[in-house]
Amino acid sequence: MKFKFFLLFFCLNLSVSFGQDFNNAAKHVGAGVVIGGVGGYAANKIFPGQRGWTWAGAVGSSLAAGLAKETYDKSNSGLWQTDDVLYTTLGGVISGLALELLFKNTYRRNGRSEKGCGCLVADGSNNATPIFMPVVTEKGSGDIQSQIQVSFFLE
């Protein structure tokens, strides 16, 4: 789904890019990357670990900046260029992808990801509380969950 959206967005930009000067388009993409990076990073700090807000901050801030700049251009020169807004928003998408990859690697490295690393960590201290070991009898009800609960309460 994401690939289809990217392909559609790329094709729309390709059709518009023939009328756009390459240096102007590169400036808008660069500005979108910077603004989207700041917006996405701020959204990630406000809502830690929520990917949707990081994307919303990156793409939304670059879209807002592109719209604000074109509104300013419209009021001064009377010329609105939608392709400038699209290129600035494309920069926000690029920065959102970069932030996604950066924060995904950071969460894995620090052990804060939703996926477990599969590692067992043993506490070597001797002052730990005793470990609860449930007693399961052979002639019980056959429901392991109820036997563990009864064993916990009887201990």
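1. Tyr41 is partly exposed, at 42% relative accessible area. This is a predicted model. Tyr41 stacks on Phe103, with the ring centres 6.1 Å apart and 25 degrees between the planes.

2. The chain has 2 aromatic pairs by the rule used. Phe47 with Trp53 is one of them, also stacked, at 4.5 Å centre to centre and 20 degrees between the planes. Phe47 is partly exposed, with a relative accessible area of 32%. Trp53 is partly exposed too, at 43%.

3. Now the overall fold. The secondary structure comes to 5 helices and 0 strands. Along the sequence the pattern reads α-α-α-α-α. Among contacts with a separation of 6 or more, 61% are between residues 24 or more positions apart.

4. Next, burial and surface. The chain has 155 residues, and 24% of them count as buried. Its accessible surface is about 11,700 Å². Carbon and sulfur atoms supply 67% of that area.

5. Helix H3 covers residues 51–77. Does its end-to-end distance agree or disagree with its residue count? Its 27 residues should span 39 Å at 1.5 Å a residue, and the end C-alpha atoms are 39 Å apart, so the two agree. After H3 comes Gly78, with a positive phi near 75 degrees.

6. Which residues of H3 are buried? They are Thr54, Gly57, Ala58, Ser62, Gly66, Glu70 and Asp73. Two of these names, Glu70 and Asp73, return in the salt bridges below.

7. A search of the whole structure gives 3 salt bridges. One of them pairs Arg51 with Glu100, the closest N and O atoms being 3.0 Å apart. This pair also links distant parts of the chain: Arg51 is in helix H3, Glu100 in helix H4, and 49 residues separate them. Glu100 counts as buried because its relative accessible area is 16%, under the 20% cut-off.

8. Lys69 has two salt-bridge partners, Glu70 and Asp73. With Asp73, the closest N and O atoms are 2.4 Å apart. Lys69 and Asp73 both lie in helix H3, 4 residues apart, about one turn of the helix. With Glu70, the closest N and O atoms are 3.9 Å apart. That contact qualifies because the cut-off is 4 Å. Shared partners join Lys69, Glu70 and Asp73 into one network.

9. Asp73 is buried, with a relative accessible area of 18%. Lys69 is partly exposed, at 36%. In general, side chains of opposite charge can pair when their charged atoms come close.

10. Finally, a nonpolar surface patch. Val34, Ile35 and Val38 form it, with about 260 Å² of accessible area together. Val38 belongs to helix H2. Val38 counts as exposed because its relative accessible area is 58%, over the 50% cut-off.

Key
Residues are numbered from 1 along each chain as its sequence is written. This is a predicted model: local features need pLDDT of at least 70, side-chain atom pairs count only at pLDDT 80 or more; totals for chains, interfaces and linings use all residues. Side-chain values use heavy atoms; hydrogens and water are left out. Helices (H or I, at least four residues) and strands (E, at least two) are DSSP runs, numbered from the N terminus. Buried means under 20% relative accessible area, exposed over 50%, partly exposed in between (1.4 Å probe, protein chains only). Contact means heavy atoms within 4.5 Å. Accessible areas come from the Shrake-Rupley method with a 1.4 Å probe; for residues, only the protein chains shown count as cover. Rings of Phe, Tyr and Trp (its six-membered ring) pair if their centres lie within 6.5 Å; planes under 30 degrees apart count as stacked, over 60 as edge-to-face and the rest as tilted. The expected span of a helix is 1.5 Å times one less than its number of residues. Patches are made of residues with over 30% relative accessible area and no salt bridge: like charges are joined within 9 Å, nonpolar side chains (Val, Leu, Ile, Met, Phe, Trp, Tyr) within 5 Å. A salt bridge is a side-chain nitrogen of Lys or Arg within 4 Å of a carboxyl oxygen of Asp or Glu.
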